[in-house]
Amino acid sequence: MKFLKMAIVLLFFFSFSQQAFAAPSFQQIGAQVKNLNVSAAASGSNKKGEPLMYSVLQGMPAQLAVTNLATGKLTDVKALGGTTAGWSVEVADSSNVYIGTTPGELLYHYDPDGRKLTKLGKPTVKNSTVIWDLAYAAQSRTLYGVSSNEGRLFQYGGKSFKDLGTVISGKKDARSIAYDPAGNQLFIGLGSPAELAVYDIKNGKKTAILPGAYRGQKHIEDIKVINGTVFVKLNPANKILTFDAKTKKLLGEFSATSKGVSPLTPGGNSVYYGNGSSLFEYDLTTGKSLLAVNNRIPTSLVSLDFVNIKGDFTLVGKVGNVQRYMTYHPHSKEYQNLDLTLPMQPIEMHKIGGGTDGKIYSSGFLNGSMGIYDPGTKMTVHGSSIGQLESMASLGGKIYFGTYPKSRILEYNPKESWHPGTNPREVFSLESVGQDRPMAALAVPGTNKLVFGTAPVSGKSGGALAVYDPSSKKMLSRHGIVKDHSIVSLAYSAKGKLVYGGTSIFGKPNVDKTKTKAVLFSLPAGNLSAKPQHIALPYKHVRFISALTAADDGKVWGMADGRVFYLQPGKGVTDVGSVVPDVAGHTPQASLVTGRDGNIYGCVEKTLFKVDKKSYKITILRKNDVHQLIQSSSGDLYYHDKKVLWKINL
């Protein structure tokens, strides 16, 4: 009998323990965002003389789509494994097409005759994430390319890569490149801010030549070298500069909205470019432009090439980032707007958030298309683009989206239909104070105010704290509230009625990580214009206070790089422990929420974890695929793995 009683007790204890410490289950909701977004395109002919347009489609993974321009038919689609987009397509000749991609800085080769795609590999260092542009030197059969995040130049000779290093120290974005056969030199566009460099291939000498008047630009978007003239497209200014390739002297400038200029007109001495909705011809002999087509181009031209279509050399241009393209025949002056047949793609999820309506909002990377998931119906509806979502908060039945670029804040009424421009609509932007990304958003209880923390435009210094009152429609911007830092996390604690903020040290160019550290600060919720109070941290050189959450007991929990800490008001900050040994990159990638059970849940470096509210024990729940964690208005936890949305069942 004693043995039976003991067995029952042990069975009960075991069952209770299993329930108390049961691991969560993970429910796949599915892909949330689909879209057609052409991130790069170029045209050329194969050995058969067929005119082909090569389009890179943003997706998971990105795809290379090949269209026969003579027939209008899609002839091939190839998956670019390990990528989500591609920013450069270089048609070297009839047999060799190269594609530069992101986020792994992978280079691909495509043979249009055999329809064979080959992954060539990663050209430079671990920290480089994107190949921005490519240029082919036919006389040496060498491909050159430029990348970020270290502003590096590389070459590929058909068998192996050679990393030629950072072009100019301090310029982390090498965005454009062109080869000059007459001088055997490369012209390279850099940022931020902008610089134009000349690289002598023979001796490796690098010379900066951009006049000071243009160095306030963000970067150089495109470069072409045509018959000794260098065409340089600035960004964001709608201007193309011209230089003498031999003397490096500035020749002039003209207005242009196209990404750059076309190759040389066959049999002529001119190039074409777009400005607004019109097409212009630039005469290299006179240096003057003539109107070719008036008010026919629907949006910006992102590529211009000449191909032979049915015996006639035709200017072909990719228009915008969807299916539209144009053709222009210089001899007949005939112009047409046409559509490619391209497949929609599941695209990379960037940010998710829970709305006041109980729904989960998922934003696509780059293009900002929105997927809206209703847990009640288990259905997802798709909304058109509002810009890339970086943060969101709910107040007074409305949802506020912080979007990139230009730090635009949009107001959305979920009771009305989705029509970007009117619903959601822009309520303010921080572009005028140099801000680009609203990294954190918070509705402050009891104040009817919203707070946004931002990161500056690349090349600028100092993030901002923006306070918005929807009732009065007034906005207060506190630029540089923490000097040279970005504001990347926010939380409200009812105990003391304080707003807490966390910073990133990457709020200015060329940060020395050994001489600064991220800041945790607080502001009284009733006086958000007060001087911030800095809170001492037990860390020497932390880069990010990347996430914050306030618990019901008054503690404020945070992530300092890969470590968890909590602040006990009046007692200071206590380090709880490490989730991961280090974090990568210049953008914070962490989340924290307070669960319905009172425990703290978070993710950092794709690792999902739990912190027990009593023992402070950190438990790893999942590794390698958790990119962001959020809590819905009902208290449920969701995360995404870039491909699909997941629900966590505790």
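Student: Why is lysine 642 called partly exposed?

Tutor: Buried means under 20% relative accessible area, exposed means over 50%, and partly exposed lies in between (1.4 Å probe, protein chains only). Lysine 642 has 26% relative accessibility, and therefore counts as partly exposed. This is a predicted model, in which local features need pLDDT of at least 70, side-chain atom pairs count only at pLDDT 80 or more, and totals for chains, interfaces and linings use all residues. Residues are numbered from 1 along each chain as its sequence is written, and side-chain values use heavy atoms, with hydrogens and water left out.

Student: Where is lysine 642 found, and what is its phi?

Tutor: Lysine 642 is in the loop between β56 (637-640) and β57 (645-649); strands are DSSP runs of E, at least two residues, numbered from the N terminus. Its phi is positive, about 80°, although lysine 642 is not a glycine. Most residues other than glycine have a negative phi.

Student: What makes lysine 473 exposed?

Tutor: Its relative accessibility is 54%, so lysine 473 counts as exposed. Lysine 473 lies in the loop between β41 (464-469) and β42 (474-479), and its phi is also positive, near 60°.

Student: Which residues have the most contacts inside the largest nonpolar core?

Tutor: They are Trp557 and Phe565, in a core of 35 residues. A nonpolar core is a set of buried Ala, Val, Leu, Ile, Met, Phe, Trp, Tyr and Cys residues joined through side-chain atoms within 4.5 Å. Among the elements that give two or more residues to this core are β48 (556-560) and β49 (563-568).

Conventions:
Helices (H or I, at least four residues) and strands (E, at least two) are DSSP runs, numbered from the N terminus.
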